[in-house]
Amino acid sequence: MMKKLYLAILTFIMMIFVATTVTYAWLSMSTSNVIRDLSLTTHLGDALEISLDGENYYESLPSDVLISHIGRVNLTDITSLNGKDFDFGIRQQEGQARANKDYISVTFHFRTKSLRAHEVYLSNNISNTTTHDAPQNGTFIVSRGRNWVSDINFLYGPNGEMIELGDVNTYYLSHSMRVSFIEQALNEHDERTDLSSKIFDLSGNEARGYGKDYGAVDYYRRKRGTLPLPTETPPTIYELSKFSAESPYALDRNSHIMTLIESDDTDENGMMYYKGIVTMNIWVEGWDADLFDAVFGDQVKMQFEFKAVHGLLN
């Protein structure tokens with residue numbers, strides 16, 4: 001927790017579903033965190049187009065465009081209360097974390113000509129039913145895991161569970177990762193005051209979430225002495241939205257991340273585009289109960305599935 005965490009992310013996969021349009025992105029890093037490949041590809045015509053600058057749209061976003069945009073990332077144990085602003089609070093250190101240096105941050109522009117499917121949700125979290133070596137369709141953050149022999153006794157869980165000196169267990173970096181989606185105003189005329197801002201912990205385990213007095217916090221306290229807990233807790237979503245099986249609607253707004261709205265842009269036939277902008281941030285949460293030294297160097301795969309529907313089912 002007290003030093004920079006250099007993470008070997010071998011594969012980062014982002015899958016985007018909007019109506020019947022599927023978009024994939026692959027990001028690979030070597031053990032030195034050098035991005036080897038990153039691409040976005042859409043299928044089934046022009047139902048969804050993607051851009052990094054709001055001007056140049058692609059059905060298949062070139063790999064070199066995304067790699068150039070993100071650059072070199074050395075993920076660091078940082079913290080955030082709102083998914084937008086990041087600092088090194090876990091280390092009692094001043095300063096702001098840097099986008100695409102200490103954490104991943106990408107802003108995407110989306111446009112569609114669909115007349116009704118404008119509400120975009122993060123969907124289908126399978127993080128707890130898949131593994132690093134057997135990825136499936138859906139949203140997940142999973143890691144290979146690292147074995148670790150405990151060098152002290154410490155309190156592991158909320159019900160008094162202890163890890164004893166010499167115990168060997170497997171620990172996963174994926175359990176301490178977070179992703180946020182911050183909806184942006186479309187332009188200077190967009191005066192909406194209800195733009196979405198969400199933080200997700202895809203492990204789904206709130207009991208081992210932010211700022212607990214057991215797990216990693218208790219371990220580091222016993223190793224180094226005092227470690228004051230944070231006084232605030234970020235609003236975090238652990239369960240994604242459910243959808244109606246009979247109709248294209250959402251049953252709740254847990255994981256709603258963006259609304260595509262009318263724009264002044266049209267295609268060559270005069271058909272209007274509905275547009276939206278969202279920033280995705282991915283980081284290692286330094287105050288997570290599972291962020292032990294043991295996870296340094298773990299290998300992570302991430303995939304995100306987005307679903308566009310007509311709105312909320314009344």
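How many of the 14 residues of strand 18 are buried, and is the strand enclosed by the rest of the structure or open? Of its 14 residues, 13 are buried, so strand 18 is largely enclosed by the rest of the structure. Here buried means under 20% relative accessible area, exposed means over 50%, and partly exposed lies in between, as computed with a 1.4 Å probe on protein chains only. Strands (E, at least two residues) and helices (H or I, at least four) are DSSP runs, numbered from the N terminus.

This is a predicted model, in which local features need pLDDT of at least 70 and side-chain atom pairs count only at pLDDT 80 or more, while totals for chains, interfaces and linings use all residues. Residues are numbered from 1 along each chain as its sequence is written, and side-chain values use heavy atoms, with hydrogens and water left out.

**Strand 18 and its partners**

Two strands are said to pair if DSSP finds at least two bridges between them. Strand 18 pairs with strand 7 in the antiparallel sense over nine bridges, and within this pairing Val106 stands opposite Met280. Strand 14 also runs antiparallel to strand 18, joined to it by eight bridges, with Val284 as the bridge partner of Met177. Strand 6, by contrast, runs parallel to strand 18 and is joined to it by two bridges; there Ile78 has Glu285 as its bridge partner. Strand 17 pairs with strand 18 in the antiparallel sense over three bridges, and Thr266 stands opposite Met272. The hairpin of strand 17 and strand 18 has five residues between the strands, and in this hairpin Gly270 takes a positive phi near 85°.

**Charged pairs**

Side chains of opposite charge can pair when their charged atoms come close. The structure holds twelve salt bridges, each a side-chain nitrogen of Lys or Arg within 4 Å of a carboxyl oxygen of Asp or Glu.

| Arg192 | Glu183 | 3.2 Å |

Lys275 counts as buried because its relative accessibility is 8%, whereas Asp265, at 34%, counts as partly exposed. Arg208 and Asp290 are both buried.

**Arg178 and its network**

Arg178 lies in strand 14 (residues 177–184) and counts as buried because its relative accessibility is 3%. Together with Asp201 and Asp288, Arg178 is linked in a network of salt bridges. Its side chain makes a polar contact of 3.5 Å with the side chain of Asp201 and one of 2.7 Å with that of Asp288. A polar contact is a pair of N or O atoms within 3.5 Å; within protein, one must be able to donate a hydrogen and the other to accept it, and residues adjacent in sequence count only if both atoms are side-chain atoms.
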